[in-house]
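Let's take a walk through this structure together, starting with rings and charges and ending in a pocket.

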Amino acid sequence: MESDVVVVGAGVAGLIAGDRVAAQGAGCVVLEASARAGGRVYSLTDPRSSVALELGAEFIHGSPSPTFELLKEISATRCDTVDSRVEFHRGRIVSEAPRDSELERLLRHVDELDRDVSVDDFLKGFARDANSKDAARWMRAMVEGFDASDPSVASVRAIAEEWAGDAGINGASARPVGGYGPIVEHLLRQVEQRGAQVLFGTVVDAIAWKRNGVEVRGTRDGERFAVTARAAIVTPSLGVLQSGGVLFEPALPKEHQDALTMLAMGPVYKAVMVFEEPIWERVREGALRDIAFMHDEDAPFSTIWTALPMRSSTLVAWAGGPRAAQLAGKSSDEIYACVFDSVECILGRDASDAVR
């Protein structure tokens, strides 16, 4: 097979790349290993849920103009999230989560550091400070949950810089109304209408650069294949590239290899549950009715959130960073048990019986 450009990966980046190439009138082939487009965007719909079930990306953090432009293209909009949150300890509501101002005060000390350190090392200096220990504990929880990072290795300067930005913890947060699925469907339809060919179930294992072009090789339907092109755009996720599953011939330049080595993608387990009814609106004498985010550091899935401000019977449980790493290797049944244990810590015994 021959083409002007071959795009590896049909996630959002790959679909947009293919669309830009095809829009210029160039021949384009998009190769995707899985049976669907979207990559880490994976939206499902279910008649038992009034909101999309987002197994992957769910929120819009900050004000990313490309996302807003895509929503406009499909005549969709976004819904701002609700920031109400509460903390639990041993099944009891202990307090509202520390205010953002407390975190901001803590983060100002990052500028005083002579050198960069891990989040854990930074927080050691505040663990026994009565005025800062709650904020320090909350910062560690947010690094693990919001960033899905390991505080023992995450750069405190990088975290502070991120959180101070538009997409940080104080930035605007929203969800696409109807989920991210319609965006992916729009991109896939558009790239195909422009004449690009999208091949699913096509696993790339080698990309060979030549003087006048590139050859991309792999398997499709159990058969070997190759695509030759003038150029390739490589969009697989960081984890795929780090796994070594794609062989580059010749090897990538050292600066590219160094960048891949230094970057990290935190592990996450996300459980999306549809209940018979939103039972969290009536338990604990209605105290959780208008709460969007519930945190319990004693639970395996330490963060649980609702779809507020949308009223829905859907609940999401989230375990990121070290908590997710601890779940790795467990069986599905063991992980489900951890999910239900976490739900019952907050909603009470037998709450998992209401999950459809």
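A charge is said to sit over a ring if NZ of Lys or CZ of Arg is within 6 Å of the ring centre and within 35 degrees of the ring normal. With that in mind, look at R78, which lies over the face of F68 at 3.9 Å from the ring centre. R36 is placed over the face of Y42, at 3.8 Å from the ring centre.

Before going further, please note that this is a predicted model, in which local features need pLDDT of at least 70 and side-chain atom pairs count only at pLDDT 80 or more, while totals for chains, interfaces and linings use all residues. Residues are numbered from 1 along each chain as its sequence is written, and side-chain values use heavy atoms, with hydrogens and water left out.

Now to the rings themselves. Rings of Phe, Tyr and Trp (its six-membered ring) pair if their centres lie within 6.5 Å; planes under 30 degrees apart count as stacked, over 60 as edge-to-face and the rest as tilted. The structure holds 6 aromatic pairs. In one of them, F59 and W305 have ring centres 5.3 Å apart and planes at 65°, so this pair is edge-to-face. F59 belongs to the loop between β4 (53-54) and β5 (60-61) and W305 to strand β17 (residues 303-305), so the pair ties together parts that are 246 residues apart in sequence. Strands here are DSSP runs (E, at least two residues), numbered from the N terminus. F59 and W305 are both buried, meaning under 20% relative accessible area with a 1.4 Å probe and protein chains only.

W305 has another partner: its ring centre is 5.5 Å from that of W318, with the planes at 40°, so the pair is tilted. As W305 lies in strand β17 and W318 in strand β18, this contact ties together parts 13 residues apart in sequence. W305 has a relative accessible area of 5%, and W318 is buried too, at 18%. Together, F59, F293, W305 and W318 form one aromatic cluster.

Of its 21 lining residues, the closest to the centre are V51, A52, R175, P176 and A307. β6 (78-80), β9 (173-176) and β18 (314-320) each supply at least two lining residues, and the largest share, 3 residues, comes from β18.

Methods: On a 1 Å grid over the protein atoms alone, a cavity is a set of points where a 1.4 Å probe fits but cannot get out, and a pocket is an open set with protein on both sides within 12 Å along at least five of seven lines; lining residues have an atom within 4 Å of a point. Helices (H or I, at least four residues) and strands (E, at least two) are DSSP runs, numbered from the N terminus. Buried means under 20% relative accessible area, exposed over 50%, partly exposed in between (1.4 Å probe, protein chains only).
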